[in-house]
Amino acid sequence: MRLKTVGLLTSGGDAPGMNAAIRSFTRYAVTQGIRVFGIKRGYVGLRTADMYEMNLRTVSDILHRGGTILYSSRDPEFQTEEGIQNALKTYNESNLDALVIIGGNGSLKGVKALKDKGVKCIFIPATIDNDVSYTDYSIGFDTAMNTALEMIDKIRDTTRSHEKCSVVEVMGRKCGDLALNIGIGVGATSILVPEITYDFEKDIISRIKYTQNIGKRHFIIVIAEGCEKSLEISKKIEEKTGITTRCTILGHVQRGGSPTLRDRVIASGMGYYAAQLLIDKNFNRAIAIACDKIIDYDVDSTLTVKKKFNLKLYKEALNISI
Ligand code: F6P
């Protein structure tokens with residue numbers, strides 16, 4: 001039987017590029033004769049049947065916008081049996097034939113729960129943290145890196161003028177991908193990531209002192225939020241080195257802004273790919289990037305994959321940040 005009606009939602013922390021995926025999915029699906037319902041606020045809207053029909057023009061003028069026109073949320077109620085049952089009720093009563101879910105790790109768990117109850121799902125990875133382990137890349141990562149880069153370049157100007165040290169905390173949850181790449185991009189003296197145990201004296205103080213002795217006058221230390229101690233570290237650096245040190249927690253600025261070209265292209269590609277999977281009746285698939293190509297995996301196979309940290313890149317960073 002031909003697929004007639006699908007629901008589309010964005011869930012978890014928003015990520016720049018989600019709108020581009022919404023747009024390409026909707027445009028391709030609608031032109032192929034599929035009705036698309038935009039479900040509002042992620043799994044909340046699925047539980048409460050809060051949705052509207054989308055058309056080619058509903059998704060006009062959103063390609064370049066950050067955030068998500070469908071709104072997003074983290075929904076603890078969806079994790080209960082009652083929550084799932086309410087979601088199933090909406091799915092059945094609205095005559096949906098499949099769901100497309102755009103989000104991060106929490107959203108992927110939701111996909112698994114729905115799929116196990118017989119819902120046909122497609123998952124598109126989108127999170128600035130890049131911590132969805134089965135894919136090399138998640139929508140929003142490039143924009144977040146570039147936003148942080150721009151912010152830290154500004155911090156660097158004042159850090160340099162005053163010959164200070166700046167500790168900058170970036171997002172990423174328990175994943176160091178953002179911190180590592182941003183740290184390289186801003187030439188950080190030290191980069192702390194949750195994947196690698198650090199030694200305060202060796203990995204921070206000695207590096208500052210060594211580079212100070214060979215002429216460095218200002219210092220940037222990038223810390224992933226998963227390391228949890230940026231303020232404390234900042235105070236200790238000042239105490240130990242005598243260098244005036246300031247701490248900046250970049251926070252949610254990293255989640256906003258117009259998506260970069262890379263995020264627009266990847267998100268558009270993934271949205272299109274999701275529609276094609278549905279047209280081909282290829283259900284319960286998780287879309288991924290592997291070796292710069294868009295591919296898909298069985299949802300079940302994605303849940304046990306462990307995220308790999310790029311140790312080689314980390315070592316390179318240490319050798320050039322002097
Ligand atoms: O998942 C994206 C993310 O921005 C993480 O980097 C961060 O830990 C978390 O979301 C913040 O979540 P909230 O906006 O709910 O505080």
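Tutor: Let us begin with the second largest pocket, whose lining draws at least three residues from each of domain 1 (5-140 + 259-302) and domain 2 (144-255). This is a predicted model, in which local features need pLDDT of at least 70 and side-chain atom pairs count only at pLDDT 80 or more, while totals for chains, interfaces and linings use all residues. Residues are numbered from 1 along each chain as its sequence is written, and side-chain values use heavy atoms, with hydrogens and water left out.

Student: What makes a set of points a pocket, and what makes a residue part of its lining?

Tutor: On a 1 Å grid over the protein atoms alone, a pocket is an open set of points with protein on both sides within 12 Å along at least five of seven lines, whereas a cavity is a set where a 1.4 Å probe fits but cannot get out, and a lining residue has an atom within 4 Å of a point. The volume of the second largest pocket is about 500 Å³, counted as the space filled by probe spheres set on points that are joined across faces, edges and corners.

Student: Which residues are closest to the centre of the second largest pocket, and which helix gives the most to its lining?

Tutor: Asn130, Asp136, Asp177, Lys307 and Lys308 are the closest to the centre, out of 22 lining residues. Helix α6 gives the most, with 3 residues, and α5 (141-161), α6 (177-186) and α10 (299-302) each supply at least two; helices here are DSSP runs of H or I with at least four residues, strands are runs of E with at least two, and both are numbered from the N terminus.

Student: Why is the largest pocket said to lie between domain 1 and domain 2?

Tutor: Both domains give residues to its lining, so the largest pocket lies between them; the bounds of the domains come from an automatic or database domain assignment. The volume of the largest pocket is about 640 Å³. Gly12, Arg74, Asn105, Gly106 and Ser107 are the closest to its centre among the 30 residues that line it. Helix α4 (residues 105-116) is the main contributor to this lining, with 6 residues.

Student: What separates the centres of the two domains, and how many residues does their contact take from each?

Tutor: The centres of domain 1 and domain 2, taken over C-alpha atoms, are 35 Å apart. Their contact, which means heavy atoms within 4.5 Å, takes 10 residues from domain 1 and 10 residues from domain 2.

Student: Why does Thr90 count as buried, and why does Arg246 count as partly exposed?

Tutor: Buried means under 20% relative accessible area, exposed over 50% and partly exposed in between, with a 1.4 Å probe and protein chains only. Thr90, in helix α3 (residues 81-93), has 6% and so counts as buried. Arg246, in strand β9, has 44% relative accessibility and therefore counts as partly exposed. Leaving aside residues up to four places away in sequence, Thr90 touches Leu46, Arg47, Thr48, Ala49 and Met51, and with the same exclusion Arg246 touches residues including Lys164, Cys165 and Glu238.

Student: Why are Thr189 and Ser138 called buried?

Tutor: Thr189, in the loop between α6 and β7 (190-192), has 1% relative accessibility and so counts as buried. Ser138, in the loop between β5 (121-125) and α5, has a relative accessible area of 0% and is therefore buried as well. The C-alpha atoms of Ser138 and Ala288 are separated by 7.8 Å, although these residues are 150 residues apart along the chain.
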